[in-house]
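Welcome, and please have a look at the sequence and the model below.

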Amino acid sequence: MPVTTSINSISRSKPVHLLLWVFQLVLAAIFLVLGAEKMAGAPPMVAVFSKVGLGQLLRYLTGGLEMMGAIGLLVPKLAGAGAAVLSLVLVGAIIADLTVMRDVVVQPVILLLFTGIIAWMRRAEVLELLGY
């Protein structure tokens, strides 16, 4: 049996499929708001990225990636890729929180858990996008 067939059969039960879509919708809303705050230059976001010290261009890049990942979560063929992008952004946020901000990382770790689950459960779509 091809890998994608076995992957699809695992994640296609109705309750799992519905639960994934609920997570995707909630996470898309969260990341659209977070991305929009960064792109709009909300003062708390400007302050955070100033403290990180890598410039405000990183704020725009992060906000753009968050918004693209959120939109990806809403498109069936792109949901896995969107979740993977958001997972990478969250890894960066966790590293920044631990090393520069010296802050508690509960929120990004929880978000990473959910985006990671979606990326894993939607990996067949990601492999299809990559031509595997």
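Predicted model: local features only at pLDDT ≥ 70, side-chain atom pairs only at ≥ 80, totals over all residues.

## Helix H5 and what follows

H5 itself covers residues 79-101, and its 23 residues should span 33 Å at 1.5 Å a residue. The end C-alpha atoms lie 30 Å apart, which agrees with that expectation.

Which residues of H5 are buried? They are Ala79, Gly80, Gly82, Ala83, Leu86, Ser87, Val89, Leu90, Ile94, Ala96, Asp97 and Met101. These buried residues pack against helices H2 (14-40), H3 (43-52), H4 (56-73), H6 (106-121) and H7 (123-129).

## The aromatic pair

Searching the whole structure turns up 1 aromatic pair. The ring centres of Phe23 and Phe114 are 4.9 Å apart and the planes meet at 45 degrees, so the pair is tilted. It joins distant parts of the chain, with Phe23 in helix H2 and Phe114 in helix H6, 91 residues apart.

## Charges over rings

Two arginines are worth a look here. The charged end of Arg59 sits over the ring of Tyr60, 4.4 Å from the ring centre. Arg123 lies over the face of Trp120, and here the distance to the ring centre is 3.8 Å.

Definitions and conventions
Residues numbered from 1 in each chain as written. Heavy atoms only, no water. Helix = DSSP H or I, 4+ residues; strand = E, 2+ residues; numbered from the N terminus. Expected span 1.5 Å × (residues − 1). Buried < 20%, exposed > 50% of the residue type's maximum accessible area, 1.4 Å probe, protein only. Contact = heavy atoms within 4.5 Å. Phe/Tyr/Trp six-rings, centres within 6.5 Å; stacked < 30°, edge-to-face > 60°. Lys NZ or Arg CZ within 6 Å of the ring centre and 35° of its normal.
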